[in-house]
Amino acid sequence: MLRRVDVFTTNEAGQPVSLPDLDPSTTFVICRDEDAPAVGAMESRGAVDRWIDGCLFGDLRTLILGIDRFHQNPQTPRPLGGCNFLLASGCFMALEYLAQVYGRSRDATSAARHYVADFLSRVDPRYLEVFEVLWSCFRNGIVHGSWPQAVCVRGDDSTRTAVGANPRIDGDHFGPDRGYPGPSFIISSARLFADLERSYDEFFRSWLLEKSDDAVLVRAAPRILEISPRDTTRVRQLSVIRAWSDAGRDDGNV
């Protein structure tokens, strides 16, 4: 769901100025980006490195193997996909995590841009050149809508550009889909992964292991979801989950 919200600014005293007209007798909630708290801290920078290489990138390597298997033998009882969008979404989620570990901004988009500027653009500067559109079309589009978002300037349909992905390492990357009749932009998901992995291997790993401060161990740790006591639905659901957990432990002890 797309929700458009009005924005307002504050003066030096923190008081709102240029506040838009609001509905009378209505409660409003002001939202701000805030990191979920960490469960704890990773035990060492080496542990963070092993997690990134073996789990974060490891899962994506498994997708690459699946893509190779698909092209070798696509005959199955039910249809198989090429993993173009799944691999692309996984790469952008990995980028978001790497940016979180890097810790150069509080909101996800700005943090990812810092990682791209300092590391991924050293592999290919085009990632930085079109970062905001790339991030919105693929990360937001696929994760929230299962499709990359086509893009245009609002009110100018002549700027509409189709956006897509292919799963081949030698596929079109940062250019048009030559099989599409109109304006288009396409990336190779496999090339994106290779470039992201290279940015880590050649640049970010040394920063992580040799230059980062101890706060990186907290930024890299898993997050905890804190439920408001007033959120009765989720509090009740958590109690159900806890009951399942207790029953499972009891069964294991029998």
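The model is predicted, so local features need pLDDT of at least 70 and side-chain atom pairs count only at pLDDT 80 or more, while totals for chains, interfaces and linings use all residues. Residues are numbered from 1 along each chain as its sequence is written, and side-chain values use heavy atoms, with hydrogens and water left out.

Start by selecting D68, in helix α1 (residues 45-72); helices here are DSSP runs of H or I, at least four residues, numbered from the N terminus. D68 is partly exposed at 38% relative accessible area (buried is under 20%, exposed over 50%, partly exposed in between, with a 1.4 Å probe and protein chains only).

Next come the salt bridges (a side-chain nitrogen of Lys or Arg within 4 Å of a carboxyl oxygen of Asp or Glu), of which the count is 15. Pick D172 and R178, whose closest N and O atoms are 2.1 Å apart. D172 is partly exposed at 22%, whereas R178 is exposed at 69%.

Move on to R126 and D124, bridged at 2.9 Å, N to O. Here R126 is partly exposed at 30%, and D124 is buried at 7%.

Finally, select helix α6 (residues 189-211), where R191 and D195 sit four residues apart, about one turn of the helix. Their side chains form a salt bridge of 3.4 Å, N to O. R191 is partly exposed at 29%, while D195 is buried at 7%. Keep D124, R126, R191 and D195 on screen together: salt bridges that share partners join them into one network.

Definitions and conventions. Helix = DSSP H or I, 4+ residues; strand = E, 2+ residues; numbered from the N terminus.
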